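Thanks, everyone, for making the time this morning. I would like to walk through a few packing details in this model, so please have a look at it before I go on.

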Amino acid sequence: MSTQTETTTLPAATREIQLASRPHGRPVPENFRLAETALPELQDGQVLVRNLFMSVDPYMRGRMNDVKSYSAPFALDAALDGGAVGEVIASRAADRQVGDAVVHSLGWREYAVLDAGATTPARTDLAPAPAFLGALGMTGLTAYAGLLKVAGFKAGEVVFVSGAAGAVGSLVGQIAKALGASRVIGSAGSPDKVARLLELGFDAAFNYHDGPVAEQLAAAAGDRGIDVYFDNVGGEHLEAALSALTVGGRVAMCGAISQYNSTEPTPAPRNLMQAIGKQLTLKGFLVSGYWQYMAEFVETMSGWLADGTVRYDETIVDGLDNAPQAFMDLLDGANTGKMLVRL
């Protein structure tokens, strides 16, 4: 098969961010290294992609530890990886053309050579390319599947979302409202984020720095309580939700960002026994188990985005050099919506 390329000279190397050392607690700049490596020659069935945007996500913190988990740890002295969207600039694959926008998992670098089958077209007729790392990508599917397939949300229910101004949480709340939630409550870490949640249609929102989460959630939920808790934070938030959940309530356990940098074991909720009397369901999930719903999700979400039912925020940092800082800032809650690095 002949190689299809741009008329410009193709790069022979790429800059990338490598893991220089494993963080202990909070990541620091010294854990990362900017390096340049040679690009392999394009083989049949492969494409060369110029990355335009890359994603930094909380789950990446766990992969920096050398421990057995659901995803292999990042290797030392090698490029990190993660979601990216870019433009095909050379192709030896029949189903990928130069100029195509594609999503793939070789982020943290400016150029990537990979099998065409490891890329997914980004439907830029539906939304701008970066949206396929957020509202129309893995982030959006996480919100959709977690709320509907894991928590079994039904119209008329009350939903509480922690980390609600983040990429996943902000979508969860809006999806719940779009599908008939009687009340949606969100927690966030600043007054500006709380204000943004109310703009996005949340019925109530509170700043968890303003007082005990349990008290603020109880005030927001009232005597009705909550039926569904979408957990992005863990810790104190999960404990508060257990107290507020009604009989038969469900928890979709998506993340526990409050504990990702902990160096000591974190205690379980002290009121876990409430799950017995209230007959609660607590279910952890990984979005990788719900890819079969991607087509259904994209069709539904693209309609919501088109008519303004759902809106999304992006916090964009420029330059590969700044990707480690963007990741560290993400863990500190510096983002509203999806944290992206523009390459």
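When I say that two residues meet or touch, I mean that they have heavy atoms within 4.5 Å of each other. Please also keep in mind throughout that what we are looking at is a predicted model.

Let me begin with helix 5, residues 213–221, and helix 6, residues 235–244, which pack at an angle of about 40° with their axes 9 Å apart. That angle makes helix 5 oblique to helix 6, and the crossing in which helix 5 passes helix 6 is right-handed. Which residues in helix 5 and helix 6 meet? From helix 5 the contact involves V213, A214 and L217, and from helix 6 it involves E236, H237, A240, A241 and A244. Sorted by class, this contact of helix 5 with helix 6 comprises six nonpolar residues, one polar and one charged.

I turn now to helix 2, which covers residues 138–150 and which, although it has 13 residues, has end C-alpha atoms only 16 Å apart, short of the 18 Å that a straight helix would reach at 1.5 Å a residue. Is helix 2 mostly covered or mostly uncovered? It is mostly covered, since eleven of the 13 residues in helix 2 are buried, and the buried ones include the run from T139, G140 and L141 through T142, A143 and Y144, as well as V150. After helix 2 comes G152, which has a positive phi, near 60°.

Part of the surroundings of helix 2 is helix 3, residues 167–178, and these two helices pack at an angle of about 50°, with their axes 8 Å apart. Helix 2 and helix 3 are therefore oblique to each other, and helix 2 passes helix 3 in a right-handed crossing. On the helix 2 side, T139, G140, T142, A143, Y144 and L147 take part, and they meet A167, V168, L171, V172, I175 and A176 in helix 3. By class, the contact of helix 2 with helix 3 has nine nonpolar residues and three polar ones, with no charged residues.

Q18 is buried, with a relative accessible area of 9%. Leaving aside residues up to four places away in sequence, Q18 touches N31, F32, R33, A35 and T37, and also D77, A78, A79 and L80.

Definitions and conventions
Residues numbered from 1 in each chain as written. Predicted model: local features only at pLDDT ≥ 70, side-chain atom pairs only at ≥ 80, totals over all residues. Heavy atoms only, no water. Helix = DSSP H or I, 4+ residues; strand = E, 2+ residues; numbered from the N terminus. Expected span 1.5 Å × (residues − 1). Buried < 20%, exposed > 50% of the residue type's maximum accessible area, 1.4 Å probe, protein only. Axes fitted to C-alpha atoms, helices over the stretch in contact; angles between N-to-C directions. Parallel < 35°, antiparallel > 145°, perpendicular 65-115°, else oblique. Left-handed = near helix turned anticlockwise from the far one by under 90°. Nonpolar A, V, L, I, M, F, W, Y, C, P; charged D, E, K, R; others polar.
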